[in-house]
Amino acid sequence: MQEGVAAALMDVRHRAYFLYQSSKSSPATFAANPDQGLRATLDADGYTVATSNHAEAAPAGQLSLKLRGIGRDGILEFMPKKSSSGADFQENKVAYAHGPDFAVDYENSPAGLRQNYTLFQRPAGLAGPVQVQLALHTNLQVAAQPNGQALRLLRAGKEVLRYAGLRAWDATGRVLASRMQLSDDNKTVALVVDDTRAIYPLVIDPLISTPSTIAEPGSKKRTSFGHRIAGAGDVNGDGFDDVLIAAADTFNNSGSVYKSRVYLYHGSKNGLVTTDPTVLVAPANTRAFGQNMATAGDIDTDGYADVLISAESIGSGPRLVYFYRGSSTGLLTETPTILSSPGSNSSDYFGNSVAGIGDIDGDSYNDVLVGAFGTNSYEGRAYLYRGTSSGLNTTPSIIINPAKTGEDWFGVSVAGAGDVNQDGYADVVIGAQGANNNRGRAYVYLGSSAGLAPSPTILNEPHGVRLSQFGVNVCGAGDVNGDGYSDILVGIIAGLGGTPNRAYFYNGSPTGINTTHVTLDDPMAKPGSFFGLDIAGVGDVDNDGYSDVLIGAYGSEGNKGRAYLYQGSSSGLRTNSPITLSRPAGTNGFLFGSVVAGVGDIDGDEDDDIMIGDPYANNRQGQVYLYQGASVAPLPVELVSFTAVASGASAVSLTWTTASETQNAGFAVERSTGGQIFATIAKLKGAGTSTAAHHYNFRDAQLPLGEPIVYYRLRQTDLDGTISYSPVRAVHLSKAAPGFDVYPTVVVAGRAHYRYTGPAVAATLHIINQSGQVVRTQSVKDMAEGDLALAGLPGGIYVVRYQTSDGHFQSRCVIE
C-alpha cells in the first residue's frame with residue numbers, strides 16, 4: 001500500500017514538469033516549474049519566463065530571450081525560421097528544428113529551464129568564436145558576472161532570476177570554453193563558444209533558474225540551517241557528488257524540542273536537486289546531530305561514498321559518531337554503524353571533529369579519524385578507525401597528544417592531508433589550539449604500510465602570538481601548485497588578544513610537510529573579521545589543474561560576512577588576488593562565511609563547487625549559498641577523449657586523443673585503488689607543440705590483486721614543468737572465471753610466457769606436440785604468471801596444458 005502511494009506521488013511530481021500546448025493550433029508551448037517557482041512560454045526562436053508570485057497580480061520578474069541569429073565575427077549566418085519544421089514533444093522536453101543548420105530544444109526539470117542550441121553545421125568564417133545572439137527584454141536590472149559565467153537579474157538589489165550554467169561540447173564530448181557576453185545597452189546577450197578544432201555538431205546549453213540558495217524544507221523553525229555543511233561524495237554512484245547540510249535542535253511555541261537533523265541533497269547533471277532531500281533525524285536519546293559531518297570516502301570499496309555524522313547523548317552518556325554507508329539508492333539510513341566514545345562520557349568531546357582521511361596504510365580501504373579534544377582534562381586525543389570490506393572496524397587505534405600536557409585541546413580539528421610526500425600513503429593533520437599557552441599547534445602524521453608514523457611534524461604558530469589558537473581548524477588543501485605533493489591549510493581564532501586575522505598555508509614535499517609557511521592575511525585588514533576561523537580545501541573550481549582554497553570571514557562588514565577564494569597556480573596560491581564572495585544583495589543574513597565547504601562536483605562538469613553557510617539568515621532560519629565552479633582557462637593539451645576499459649579481469653586498456661598540444665613534454669598514467677592517492681605506472685612522451693591530432697594508448701596488465709574498482713588519471717607535464725591533470729576514470733573489474741593463455745602465440749627464439757587468472761595453486765605445465773606427445777614438463781609453485789621452457793624445440797604447433805588437481809586449461813602456440 002505504502003509503495004503504491006509513494007509511486008503515485010512520484011508520478012505526480014514527474015508530471016508536474018511536463019510541457020503542454022493550449023491548443024493543437026497554438027505554436028507556443030507552456031511550462032510550469034514548481035521547484036524554481038517559474039512559468040514559461042516557449043517557442044521555436046525563444047522563450048519568456050516569469051517568477052510565480054501569488055501575492056501580487058503581476059509577476060515578480062520577467063525575462064524574454066529571442067534568438068537573433070548564430071554566426072561569428074559580427075555576421076549572423078544562421079537565422080531562425082519564422083516557422084520551424086515542427087515541434088517534437090517528449091514529456092518535459094520539446095525540440096524545434098530550423099532546417100539543416102540548427103535546432104533549439106528545451107528541458108524543464110527541478111534545476112530550472114534548460115535551453116539547448118544544437119549546431120549541425122559550422123558557421124562560415126575563420127575569425128573569432130561562434131556566437132548565439134539573443135535579444136534580451138526584462139523588467140529587472142541585469143548584472144553580468146565578471147567571469148562571464150552568469151547573468152543576474154535583480155529587483156531592488158535582490159536577485160530574482162539567474163541565467164547561468166552555460167556549457168558547450170562537440171560531437172566527441174569535448175568541453176569547449178564558453179562565456180556569456182552582455183552588450184553595453186543590456187539589450188543583447190551573446191553565448192560565445194570557442195569552436196577551434198571542434199567536431200560538429202555542437203551543443204550550447206544555458207540554464208534559467210532562480211538564485212542558487214538553499215533553505216530548510218518545511219515551516220520556519222529557527223534551526224540555524226547550514227551551521228554545518230559537508231561534501232558527501234557520490235553516495236549513490238550516479239557520477240554526481242552529493243551534499244550534507246545540518247539543522248540544529250530548537251524549540252517550537254509549545255516548548256517541545258524540534259530535533260536536529262541532517263539533509264542529504266543529491267547532485268545531478270542539472271545541478272543540486274533541492275527538492276525531497278533525504279532527511280536523517282537525530283536518533284533516539286541524542287541531540288546536536290550533525291554538529292560535525294564529513295564524507296568518509298568509499299570505505300568498503302563498493303563504489304559508493306559513505307558519510308560520518310556526530311551527535312551528543314542526552315544526559316551523561318558518551319558522544320557518538322554515526323557511520324552511514326552509501327548504496328545505489330542513496331544512504332542506508334536504517335542501519336548505521338555507531339562509533340561510541342571510548343571514554344564513555346560526554347566531557348571528552350568525542351566527535352567534535354571527524355574526517356575521512358583516505359588510505360593511510362595501503363590496504364586499499366579508506367580510513368577515518370575522530371577527535372576527542374576534552375580527554376584527560378583537555379589534553380586531547382584522536383581515534384583512528386580502519387576501513388574493511390564490511391565497513392569500519394569499530395575498535396580504534398589511539399593517537400595521544402605528543403606533548404602530553406593538559407589544556408592543549410589536541411584533536412579539536414582533524415583532517416585528511418592527502419599525500420604530502422607522494423609515497424602512496426594518505427597523511428593526516430591534527431590541530432591543538434590550546435597548546436603552547438594558547439598559541440596553538442598542528443601535527444602532521446605520515447601514513448605508511450604500518451599505519452600512521454608515531455613521530456609527527458610539529459607546526460607552531462609562526463608569529464608566537466598568544467591567544468591566536470593556531471590549529472583551531474585544519475584542512476587538506478589538495479595540490480595547489482601541481483607539483484604532485486598535497487598541501488595543507490591551518491586557521492586561527494583571529495582578532496583575540498590583538499591577533500591579526502590570518503591563515504597559514506604549508507606545501508608538501510618529498511620529505512613531508514614543509515614547515516616554511518605562506519601567510520594569508522585578511523584582505524580587509526580590519527580587526528574582528530574572524531578571517532581564518534573556518535577554512536576549506538575546495539578542489540579545483542576552475543578546472544585549471546591546480547587546487548583552490550576557501551577562507552571565511554564572517555565578522556567582515558559589521559558581521560554581514562565574507563568569504564575569499566584563493567586560486568592555485570604553478571607558483572602556488574594567488575595570495576594577492578582572491579575572489580571575494582559576499583552575501584547576495586537584498587538577502588537578510590548575518591555571519592555569512594561562518595561556514596565554508598568544498599562539496600565536490602555536483603553537476604559533473606569537471607569544475608568543483610563550493611557552499612557557504614549563513615546560519616543566522618532570516619531570523620536564524622539559516623540559508624546556504626551554492627557557487628558552482630567554472631572553467632576559466634584551456635589546458636595546454638586539448639584532450640578530445642580519455643577512456644579506460646576493462647579487458648576481462650586481467651587488464652585495463654587506456655586510450656586518449658589530443659586535438660592539439662602546446663609544449664607538451666609527456667603524460668604519466670596514474671592509478672589508484674581508492675580514488676584519492678595515485679601512483680605513476682607508465683610514462684609516454686608527448687608531441688611537444690603540434691596542431692595535429694595525436695593518439696595514445698596504454699595497457700595496464702599488472703592490475704592490483706583483488707580490487708573491484710581501479711581509478712586512472714593522466715598527469716600531463718609541460719616542457720617548463722607545469723602539470724595538469726585529466727578527469728579521473730573509474731573501471732569496475734569483473735570477477736572472471738579462471739583462465740589460461742600463452743603469449744605471444746607466435747614464439748620466436750623460444751621466448752614465451754604463460755598466465756593463469758585463477759586462484760594460486762600448485763600446477764604442472766605440459767608441452768604437447770602435434771602428435772599428442774608430451775615433450776616437456778614444467779612445475780609451477782603458486783605462480784600465476786611466468787616463462788615457458790620452449791627453447792630448443794623444433795618449429796611447429798604446440799599445445800600448452802596447465803594441469804592442477806582440479807582440472808586443466810590449455811592454450812596453443814606456434815614455434816617458428
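Two strands are taken to pair if DSSP finds at least two bridges between them, strands being DSSP runs of E of at least two residues, numbered from the N terminus. The model is predicted, so that local features need pLDDT of at least 70 and side-chain atom pairs count only at pLDDT 80 or more, whereas totals for chains, interfaces and linings use all residues. Residues are numbered from 1 along each chain as its sequence is written, and side-chain values use heavy atoms, with hydrogens and water left out.

In strand 3 (residues 46–51), Tyr47 is the bridge partner of Leu42. Strand 3 pairs with strand 2 in the antiparallel sense over 6 bridges, and the two form a hairpin with 2 residues between them. Strand 2 (residues 38–43) also has a covered face, made up of Leu38, Ala40 and Leu42, and an uncovered one, with Arg39, Thr41 and Asp43. Strand 1 (residues 29–33) is likewise paired with strand 2, in the antiparallel sense and over 5 bridges, and Ala31 stands opposite Ala40 there.

An open sheet of 4 strands, in the order 35-36-37-38, shows antiparallel pairing. Strand 35 (410–418) and strand 38 (457–460) stand at its edges with a single partner strand each, so one side of each is left without a neighbour in the sheet. Strand 37 (residues 441–445) pairs with strand 38 over 4 bridges, with Ala442 opposite Leu459. Arg441, which lies in strand 37, has a side chain that makes a polar contact (a pair of N or O atoms within 3.5 Å, of which, within protein, one must be able to donate a hydrogen and the other to accept it, residues adjacent in sequence counting only if both atoms are side-chain atoms) with the side chain of Asn460, at 2.8 Å.

The structure holds 12 salt bridges, each defined as a side-chain nitrogen of Lys or Arg within 4 Å of a carboxyl oxygen of Asp or Glu. Arg386 forms one with Asp361, the closest N and O atoms being 2.7 Å apart; because Arg386 lies in the loop between strands 31 (381–385) and 32 (387–388) and Asp361 in the loop between strands 29 (350–358) and 30 (367–372), the pair ties together parts that are 25 residues apart in sequence. With buried meaning under 20% relative accessible area, exposed over 50% and partly exposed in between (1.4 Å probe, protein chains only), Arg386 is partly exposed at 24%, whereas Asp361 is buried at 10%. Glu670 and Arg713 meet in a salt bridge of 2.6 Å, N to O, and both are buried, Glu670 at 2% and Arg713 at 19%.
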